[in-house]
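Hi,

Here is the model I promised to pass on. Have a look at it first, and then read my notes below.

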Amino acid sequence: MESKTIITPGRTVTESEIVEFAGLSGDYHPAHTNELYAARKSISGRRVAHGLLILSISEGLFFRTNYFDWENVPLMTLGFEDVRFPNPTYIGDTIHSELTLESERESKTHRGMKIMVFNVKVLKQDGTIVCQYNHPIIARL
């Protein structure tokens with residue numbers, strides 16, 4: 001198996017996305033939603049995007065690559081493993097993902113399906129990693 005890295009398009013994280021994600025998830029922690037709190041009491045000194053928002057955006061960026069023919073290839077996410085958020089993502093940061101196929105094997109329980117595990121790094125414009133995880137997928141290829 002040849003290891004190939006897929007580089008997604010980039011996109012900028014906006015304030016409205018952080019506010020909308022807070023409403024969707026119910027996570028209104030002031031480090032995400034309160035400018036004064038973030039300036040005075042948060043670790044980074046400014047509002048940060050939710051880590052799970054960045055993970056979700058990363059998944060959407062993967063879909064934009066059309067690595068799989070998404071509408072015709074049956075597949076399913078098996079999870080997100082070893083998820084880390086080593087650095088914050090701020091309003092206005094532009095992020096992209098780099099996905100490397102780490103392993104691929106035939107499924108033992110689903111005939112004709114393959115289990116593929118991608119190592120994913122989400123980076124912002126200066127190359128800083130803001131999210132990293134392993135992403136197993138099962139697909140009929």
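Before anything else, a word on the elements: helices (H or I, at least four residues) and strands (E, at least two) are DSSP runs, numbered from the N terminus. This is a predicted model, so to speak of local features I need pLDDT of at least 70, while side-chain atom pairs count only at pLDDT 80 or more and totals for chains, interfaces and linings use all residues. Residues are numbered from 1 along each chain as its sequence is written, and side-chain values use heavy atoms, with hydrogens and water left out.

**Overall**

The protein has four helices and seven strands, in the order β-β-α-α-α-α-β-β-β-β-β from the N terminus. Its C-alpha atoms fill a box of roughly 55 × 30 × 25 Å along the principal axes. Of the 141 residues, 40% are buried (under 20% relative accessible area; exposed is over 50%, partly exposed is in between, with a 1.4 Å probe and protein chains only). The accessible surface is about 8,100 Å², and carbon and sulfur atoms hold 51% of that (Shrake-Rupley method, 1.4 Å probe; for residues, only the protein chains shown count as cover). Taking contacts between residues at least 6 apart in sequence, 67% join residues at least 24 apart; contact here means heavy atoms within 4.5 Å.

**Strand pairing**

Two strands pair if DSSP finds at least two bridges between them. Strand 1 (residues 5–7) pairs with strand 5 in the antiparallel sense over three bridges, with Ile6 opposite Leu99. Strand 2 (residues 11–12) is also antiparallel to strand 5, over two bridges, and there Arg11 faces Ile95. Strand 5 is then joined to strand 6 (residues 114–124) by 11 bridges, again antiparallel. Glu106 sits opposite Lys114 in that pairing, and Ser97 has Val122 as its bridge partner.

Strand 6 goes on to pair with strand 7 (residues 129–139), antiparallel over 10 bridges. On this side Lys114 stands opposite Ala139. The hairpin of strands 6 and 7 has four residues between the strands, and Gly127 takes a positive phi near 90° in it.

Why call strand 6 largely enclosed by the rest of the structure? Because nine of its 11 residues are buried. Leu123 lies in this strand and counts as buried because its relative accessibility is 10%. Apart from neighbours within four places in sequence, Leu123 is in contact with Thr94, Ile95, His96, Glu98, Thr128 and Ile129.

Leaving out neighbours within four places in sequence, Ser58 is in contact with Ser97, Val120, Val122 and Tyr133.

Ile43 is found in the loop between helix 3 (35–41) and helix 4 (51–64). It has 92% relative accessibility and therefore counts as exposed. From C-alpha to C-alpha, Ile43 and Arg11 are 25 Å apart in space and 32 residues apart in sequence. Leu123 and Ile43 are 80 residues apart along the chain, and their C-alpha atoms are separated by 20 Å.

**Backbone angles to check**

Most residues other than glycine have a negative phi. Asn66 is not a glycine, yet it has a positive phi of about 55°. Asn66 is found in the loop between helix 4 and strand 3 (75–77) and, at 47% relative accessibility, counts as partly exposed. Asp82 has a positive phi of about 55° as well, and is not a glycine either; Asp82 is found in strand 4 (residues 81–84).

**The pocket**

The largest pocket has a volume of about 160 Å³. For the method: on a 1 Å grid over the protein atoms alone, a pocket is an open set of points where a 1.4 Å probe fits, with protein on both sides within 12 Å along at least five of seven lines, and lining residues have an atom within 4 Å of a point. Points are joined across faces, edges and corners, and the volume is the space filled by probe spheres set on them. Which residues line the largest pocket? They are Val48, Ala49, His50, Gly51, Ile54, Phe85, Asn87, Pro88, Thr89 and Val130. The lining divides into six nonpolar, four polar and no charged residues (Ala, Val, Leu, Ile, Met, Phe, Trp, Tyr, Cys and Pro count as nonpolar, Asp, Glu, Lys and Arg as charged, and the others, Gly among them, as polar).

Cheers
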